[in-house]
Amino acid sequence: MVQTYLVADYPRWADATGVGDGVAGLDLFLAEEALLGRGLGTEVLRAFVRDVVFARPEVSACVADPEVGNAASLRAFEKAGFRRVREFFDPEQQTTNVLVRLDR
């Protein structure tokens, strides 16, 4: 499952991340255990950001927020070109996450 949205459309999340206008958020979830660890997440991220997220001219960057302890997810985002920005506390999920960002 992969989805995107404008961060500004979700004021609480926009406040928690502080990313500003023109930024899309992205969520990725791989549920098939047999497909984990094979590079699929990285490839999905690259293609989805290129073909869907950055197809919107108003979007200048894409962010995501894997949990700080999710090393596999963080590796996938980094291999797809995202960089770590900072850690933050997500009050809705009650987790510490890493904000990762890819600029156009």
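Before the first selection, a word on pairing: two strands pair if DSSP finds at least two bridges between them. The strands themselves (E, at least two residues) and the helices (H or I, at least four) are DSSP runs, numbered from the N terminus. This is a predicted model, where local features need pLDDT of at least 70 and side-chain atom pairs count only at pLDDT 80 or more, while totals for chains, interfaces and linings use all residues. Residues are numbered from 1 along each chain as its sequence is written, and side-chain values use heavy atoms, with hydrogens and water left out.

**Stop 1: colour by confidence.** pLDDT is the predictor's confidence in each residue, from 0 to 100. The protein averages 88, and 91% of its residues reach 70 or more.

Stop 2: Show the strands: five of them make an open, mixed sheet in the order 1-2-3-5-4. Strand 1 (2-6) and strand 4 (83-90) are the edges, each with a single partner strand, so one side of each has no neighbour in the sheet. From one strand to the next, the twist averages 30° (angles run from 0 to 180 degrees between N-to-C directions, and axes are lines fitted to C-alpha atoms, for helices over the stretch in contact).

**Stop 3: strand 2.** Select residues 23-28, strand 2, which runs antiparallel to strand 1 and is joined to it by five bridges. Click Val-2 and you'll find Leu-28 of strand 2 opposite. With strand 3, strand 2 pairs in the parallel sense, over three bridges; here Ala-24 sits opposite Cys-62 in strand 3.

Stop 4: Contact here means heavy atoms within 4.5 Å.

**Stop 5: helix against helix.** Finally, select residues 40-51 (helix 2) and 71-79 (helix 3): they pack at about 45°, their axes 8 Å apart. Which residues in helix 2 meet helix 3? Gly-41, Thr-42, Leu-45 and Arg-46 do, against Ala-76, Phe-77 and Lys-79 in helix 3.
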